Amino acid sequence: MRAFIVPIAFAAAFMAAAPAWAQRASLADRVAVLEQRAADNRGNVDLLNQVTELRREVQTLRSQVEELQHQNEQLKSTARSQYLDLDGRLNRLEGTGLPPPADGAVPVDPVGAAPAAVPADTVPTVHGDAGLIANAAGERGAYETAFDALKAGNYAESAQLFQDFLRVYPEGVYAPNARYWLGESYYVTQNYELAREQFQALVTRYPTHDKTPGALLKIGLSQYGLRDLDGAEATLSQVSAQFPGTDAARTAEDRLHAIQLARVTR
């Protein structure tokens, strides 16, 4: 009987102790949960601090960007003023020297306003015997007729007369001058592609002629009139390199500077 009672008592004691153990286990779990929550809260606080710091940095960067944009606008404004000033001076320098058209309509030239001064011309020197010089008299008369029309502002007429001259005297002593002024007849009326072709023909056929630097310059200015800025820059750079120290080279360098300023102000 005693042997039977002892196990029963042991089992009863174990059952009485079980709730206390279970309570200790439950408390440990609760502590663990609270500790996890506290850790999560610390993590949230750290994350919140990081977000606040990032916002502060973004605001600082935004302020710096706004300042840089303001400075950039100021630089563009300064460059634009410099470009307009330089472009105005170049317009006067790059003018053809030809009067307005005879019909009174002044052409609008984006690279050179047409001033009223009458252009100066270089009279070619005729080398050879007396017979050759005598034969040149008819050539000179035809040339002067075309040139008089040019000086009078009759550009359509002068272009036709210079074309006729070049057909009759393609290798004449006045041929380089005639081709140059034919190009100018086109240039002043904004026929830039036709002008470029004539100036290019002069440069190609008469590379050592005294009008070649001016013709090469006008090729670049014609390209500029056609809004071929890359081509204009290349040609104007060639003028500076090939004919340094000349008026054409100085004008080409100024126009190059103006083109670069124009690119900045876009």
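How are α5 and α6 oriented to each other, roughly parallel or roughly antiparallel? The model examined here is predicted. In it, the two helices pack at an angle of about 155°, and their axes lie 8 Å apart. Angles over 145 degrees count as roughly antiparallel. α5 and α6 are therefore roughly antiparallel to each other. Their crossing is left-handed.

Helix α5 spans residues 192-205 and has 14 residues. From its first C-alpha to its last, α5 reaches 20 Å, close to the 20 Å expected at 1.5 Å a residue. The buried residues of α5 are Y192, A195, Q198, F199, L202 and V203. Viewed down the axis of α5, these buried residues fall within an arc of 135°, so they line one face of the helix. An α-helix has 3.6 residues a turn, so residues three or four places apart point the same way.

On the α5 side, Y192, A195, R196, F199, Q200, L202 and V203 take part. Their partners in α6 are T212, A215, L216, K218, I219, S222, Q223 and G225.

A further site lies in helix α7, which covers residues 229-242 and includes E233. E233 has a relative accessible area of 18%. Buried means under 20%, so E233 is buried. Leaving aside residues up to four places away in sequence, E233 touches L256, I259, Q260 and R263.

Definitions and conventions:
Residues numbered from 1 in each chain as written. Predicted model: local features only at pLDDT ≥ 70, side-chain atom pairs only at ≥ 80, totals over all residues. Heavy atoms only, no water. Helix = DSSP H or I, 4+ residues; strand = E, 2+ residues; numbered from the N terminus. Buried < 20%, exposed > 50% of the residue type's maximum accessible area, 1.4 Å probe, protein only. Contact = heavy atoms within 4.5 Å. Expected span 1.5 Å × (residues − 1). Arc of directions from axis to C-beta. Axes fitted to C-alpha atoms, helices over the stretch in contact; angles between N-to-C directions. Parallel < 35°, antiparallel > 145°, perpendicular 65-115°, else oblique. Left-handed = near helix turned anticlockwise from the far one by under 90°.
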